Amino acid sequence: QTDACRAYVDCIDARDAAAGIQTNVVRFESDGDCWGSEPGAKLCDTACTRGLDYLGSLDGAPMECVP
């Protein structure tokens, strides 16, 4: 699991707790499907980085989502 995906999972968990919803981010967790190959890990890391950038830019984003 990359640092970006660790932070993304924390961000999603905080956002979900505040909103009373549940998002499936299992693939990004440390034992998720993202980490089975080098190309997959790079793709997931990019997705996590972009997800954090987007969620952190929203008004009222949880502090876990803001760099």
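1. Exposed, as used here, means over 50% relative accessible area, and buried means under 20%. Residues in between are partly exposed. The model is predicted.

2. Start with D3. Its relative accessible area is 61%, so D3 counts as exposed. R6 has 38% relative accessibility and is therefore partly exposed.

3. D3 and R6 form a salt bridge. Their closest N and O atoms are 2.7 Å apart. Both residues sit in helix α1, three residues apart. That spacing puts about one helical turn between D3 and R6.

4. The structure holds two salt bridges. In the other pair, the side chains of R15 and D16 meet, with 3.0 Å from N to O. R15 is partly exposed, at 27% relative accessible area. D16 has a relative accessible area of 6%, so D16 is buried. Side chains of opposite charge can pair when their charged atoms come close.

5. The largest nonpolar core has 15 residues. Within this core, Y8, V25, F28, C48 and L55 touch the most other members. Two elements give two or more residues to the core: α1, spanning 3–19, and α2, spanning 38–57. The most comes from α1, with six residues.

6. C48 deserves a look in the viewer. Which residues is C48 in contact with, leaving aside its neighbours within four places in sequence? They are A4, C5, Y8 and F28.

Terms used. Residues numbered from 1 in each chain as written. Predicted model: local features only at pLDDT ≥ 70, side-chain atom pairs only at ≥ 80, totals over all residues. Heavy atoms only, no water. Core = buried A, V, L, I, M, F, W, Y, C linked by side-chain atoms within 4.5 Å. Buried < 20%, exposed > 50% of the residue type's maximum accessible area, 1.4 Å probe, protein only. Helix = DSSP H or I, 4+ residues; strand = E, 2+ residues; numbered from the N terminus. Contact = heavy atoms within 4.5 Å. Salt bridge = Lys/Arg side-chain N within 4 Å of Asp/Glu carboxyl O.
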